[in-house]
Amino acid sequence: MYLAPRSSGERENEELARMSHLYNYESPDRGDVPLEIWDKRAEIWDASFHDNDDKKRSTTERVNETMRFLRASGALLPDSVVVDAGCGVGHYAIALSEEVKEVLAIDISSQMIAHAKKRAEALKRENIAFMTQDFHTIDLEKQGFIRHFDLVFASLSPASNGILGLEKLMAMSRKWCFVSTNAGQTNSLNRKIAEEIFDMEVPAGRDTRRMYALFNVLYLAGFTPYVYPYRQQKKRYYRVTEEDARHLLGRVLGQRQVNEEGTRRVLSWMAEHADDKGFVTEDSSHIYAWVLWDVNEQMERRVYPPDYPGFCEEK
């Protein structure tokens, strides 16, 4: 196991166990996203990329900057074999295919894969293979994926959820692993819905626990993760539809709190606040943490206790 304790010290092993527990934790109100939701999101994401200039601009900028980061880090080479675990509609898989020899794009949603394939065919990207499967159920040994890829790539993907998912990503790599996760967000629409409909405090930005725990788990397990914060401003438009209302409700209250009454209230609020074209505008600010590490470089770590020389009480 890559993330087993590397130190003989009790304190170090306890801290690694604590951070692993934190990385595994899922908020009770969130729940897993059902497959049919991913299929619906595939249609929405593909359409919004083509129909929304702001969405197309922000996505293209983020993909291009990610490729620059990976090139500058030496993680993209012309003869590299790469896997995109949780490829969505294929933006990153296609960009990666322009840099490397081969790309395998994996997603649980057949609709995501269908859109990714269509986009790849239109761009004549013939070095991408596609696989429709839940990443967490893939038999790596049977597929021949153990240490098969030079770069294992997962951007905002459920593939990296939990220590077992992280271990699986690392088992596929013979050199690099890359995970992009959320490190902070402010959102005008979340705030308005929370305050004006449900009379509740503004929910915190996207859960940054995973980024915090990911760095600490990797570091305490002996790896040297490089973390780069990427900041981006976004503007998005939602139609006054039940589908978009349910999406916004789930984002504010959590997937498990989505119900007909809440959806009705959000839909009514959207109708009141829509512009003359029938859209509700969202302005948001995002920080993404890009985490890159070499699976072959491990060393012992130590944890510094509060009484370690150099620590002192506040005066």
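In what order do the seven strands of the open sheet lie? In this predicted model, the order is E3-E2-E1-E4-E5-E7-E6, and the pairing is mixed. Strand E3 (128–132) and strand E6 (226–239) form the edges, each of them pairing on one side only. On average, neighbouring strands of the sheet are turned by 20 degrees against each other, direction ignored. Strands of a sheet pair through backbone hydrogen bonds, in either a parallel or an antiparallel manner. The parallel manner applies to strand E1 (residues 81–85) and strand E2 (residues 102–107), which are joined by five bridges. Within this pair, aspartate 84 is positioned opposite alanine 105 of E2.

Helix H7 (residues 162–172) lies across E1, E4, E5 and E7. The angle between H7 and E5 is about 140 degrees.

Helix H8 comprises residues 188–196. Its buried residues are Ser188, Leu189, Asn190, Ile193 and Ala194. An α-helix has 3.6 residues a turn, so residues three or four places apart point the same way. The cover over the buried residues of H8 includes strands E5, E6 and E7, together with helix H10 (242–253) and helix H11 (260–273). The N-terminal end of H8 is capped by asparagine 187. In this cap, a side-chain oxygen of asparagine 187 lies 2.9 Å from the backbone nitrogen of leucine 189.

Lysine 124 is not a glycine, yet has a positive phi of about 60 degrees. Lysine 124 is located in the loop between helix H5 (110–122) and E3. With a relative accessible area of 66%, lysine 124 is exposed. Arginine 147, likewise a residue other than glycine, has a positive phi near 45 degrees. The loop between helix H6 (140–143) and E4 contains arginine 147. The relative accessible area of arginine 147 is 37%, and the residue is therefore classed as partly exposed.

Notes
Residues are numbered from 1 along each chain as its sequence is written. This is a predicted model: local features need pLDDT of at least 70, side-chain atom pairs count only at pLDDT 80 or more; totals for chains, interfaces and linings use all residues. Side-chain values use heavy atoms; hydrogens and water are left out. Two strands pair if DSSP finds at least two bridges between them. Helices (H or I, at least four residues) and strands (E, at least two) are DSSP runs, numbered from the N terminus. Axes are lines fitted to C-alpha atoms, for helices over the stretch in contact, and angles run from 0 to 180 degrees between N-to-C directions. Contact means heavy atoms within 4.5 Å. Buried means under 20% relative accessible area, exposed over 50%, partly exposed in between (1.4 Å probe, protein chains only). A polar contact is a pair of N or O atoms within 3.5 Å; within protein, one must be able to donate a hydrogen and the other to accept it, and residues adjacent in sequence count only if both atoms are side-chain atoms.
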